[in-house]
Amino acid sequence: MTRLATRGVPPGPIPARAGIGLRSVHHDALLEERPDVGFIEAHTENYFHDGGAAVRALERARSNYPLSLHGVGLGLGSADGVDRAHLERVRAAIRRFEPALVSEHACWGHAGGEYFNDLLPLPATEEAARLLAQQVSEAQDFLGVQLLIENVSAYVAFEHATLSEWEFLGDVVARSGCALLLDVNNIFVSAQNLGLDAHAYISGLPPACVREIHVAGHERNAGVLIDSHGTQVCDEVWELYRLAIARFGPQPTLVEWDNNIPALATLVAESRRAQILLDQRHGLAA
Amino acid sequence: MASLRELQRSFAAALRDPAVACAVLPPANLAIYRNNARAAFLAALELTFPVVRRRVGDDYFRQLAAHFRERAPSRSGDLHWAGRDFAAFLDDYLGDGDYAWLADLARIEWSRAECSVAVALPALSATALARFAAQDFEHLVFGLQPALKLHSSSYPVITVWLANQTENAPPVDQSLGCEFGMVLPRADHTEVRPINERLFLFLSALQSALPLGDAMTRAALEVEALTGALEFIFSEGLVSSLTLKESPPTTS
């Protein structure tokens, strides 16, 4: 395994700029066109292997851009525990690609030995916050990095929840020392589906806890908003994004687009919409 | 109030069976998670077994995937390896019927999945043989590329795979009979190619670390045919190491 630092590529911090997700259909175009984006984000599980075209493409792209590794498979809120082998593969990917940010989700993913390979919602209870914080803390110790934990979109509410979503996340941050990856689209989707107040959600989070922001498109299906990542970001989500960077300051921002993936130029253009808002915020801050 | 573990167990049970209750609101929206889990598993299989899907059609492939998931649900947060036992499942599910060949086709595609993420070691050229005396050749052990996969089937599945790289390919005549093939990683793709039975036996013997002389015997390879076989394996970049098998210690 080649470590990037040995080839003279510094890990590099991620600037408070807009980035794009690295998807296999864009590997060649990204390497040839080298668009002016602030960083790239890759799904950690897609780069668990020792060889192959995807790993080689990420190594090359990593030489041109700061990297954020975004995991989807640890299920850190699973009451049955965290898969040690999976965690070891995440650690190997971190050592290989030297990302500036490493993130996962505030969710669970398996029970009774079966994995559902989805970001399943946790009840906002003290018990769930304690367990998630404990497993995030243990993962951080094992991986040797601070994790950014992302809020997930929800389609169901739990009857016995005792905390608000934002109180729950704030508690996890306080207990574990992690930071947050704030997905503004997920706030919008959950707020619409479950009758939450999206503005209260953003204003209720601790102001210094957010280190990265996601925005994405969603779809409406039979009256329910689905976090599909397959369309452009809607105006309401951009408005929430303005609120978020006003509260948390300009942060590295990713436009997620995982289904119906458009041409690279379209994805870059969408990320520029975030960049314009970041630039406006930077201007206000200057 | 249920513990978190109990809640997740009941949520999981409700994902498996819509008739199971779970303390969430609205309960109907559990179907979204149920569909997500099913779709993610199906997508992983579709990505790994595109030719099997083409041959059986989308509807039947979905049925196969659903039955396979019941028997072998995901055991990892990484779905890349969800299809590991799919060929064995097809063996069992399809039995000796008209579609029994699909299991061997799935084996080809699983080999492709493994090859596509394997490390390719630097290949030796035939000039590497010059380091050894001619009389030692029969004791040479050939290290082949670890990603190389060899296949034998009673059915013409290599032909089927090659013929189905586009949608709507015509069916392959199953009376073509048994075939041998290999799957190996290339710089930017994974290659599937037919080989003859003798080469299959020769490569299989080398892959199991038999020295060259024994591999020739196993494959009934005459000395006259050896040059061609060696040219093939070196020119295809299949050899990554050459070592002399140590003679067993003699006792007096």
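**Labels and the values behind them**

The C-alpha centres of domain 1 of chain B and domain 2 of chain B lie 37 Å apart. This is a predicted model, in which local features need pLDDT of at least 70, side-chain atom pairs count only at pLDDT 80 or more, and totals for chains, interfaces and linings use all residues. Residues are numbered from 1 along each chain as its sequence is written, while chains are lettered from A and ligands numbered from 1 in the order in which they are written.

Q: Where do the bounds of domain 1 and domain 2 of chain B fall?
A: Domain 1 covers 1–99 and domain 2 covers 118–252 of chain B, the bounds being taken from an automatic or database domain assignment.

Q: What makes Asp235(A) count as exposed?
A: A residue is buried if 20 or more other C-beta atoms, placed from the backbone, lie within 10 Å of its own, exposed if 12 or fewer, and partly exposed in between. Asp235(A) has 8 C-beta neighbours inside 10 Å and therefore counts as exposed. This residue is found in helix H8 (residues 235–248) of chain A, where helices (H or I, at least four residues) and strands (E, at least two) are DSSP runs numbered from the N terminus.

Q: Why is Asp197(A) called partly exposed?
A: Asp197(A) has 13 C-beta neighbours inside 10 Å, so it counts as partly exposed. Asp197(A) sits in the loop between helix H6 (184–194) and helix H7 (198–204) of chain A.

Q: Why does Ala220(B) count as exposed?
A: With 11 C-beta neighbours inside 10 Å, Ala220(B) counts as exposed. Ala220(B) lies in the loop between helix H9 (212–218) and H10 of chain B, and Ala220(B) also has a positive phi of about 50 degrees although it is not a glycine.

Q: How do you know that the span of helix H10 of chain B agrees with its 13 residues?
A: The expected span of a helix is 1.5 Å times one less than its number of residues. The 13 residues of H10(B) (residues 223–235) should therefore span 18 Å, and the end C-alpha atoms are 19 Å apart, which agrees. Just after H10(B), Gly237(B) takes a positive phi of about 70 degrees.

Q: Which peptide bond is cis, and what is its omega?
A: The bond that joins Leu25(B) and Pro26(B) is cis, with omega about -15 degrees. Pro26(B) lies in the loop between strand S1 (24–25) and H2 of chain B.

Q: How many residues does each chain give to the contact, and how do those of chain A divide?
A: The contact takes 37 residues from chain A and 34 residues from chain B, two residues being in contact if their C-beta atoms, placed from the backbone, lie within 7 Å. The largest share of the side of chain A that touches chain B, 6 residues, comes from S6(A). The residues on this side divide into 18 nonpolar, 12 polar and 7 charged, where Ala, Val, Leu, Ile, Met, Phe, Trp, Tyr, Cys and Pro count as nonpolar, Asp, Glu, Lys and Arg as charged, and the others, Gly among them, as polar.
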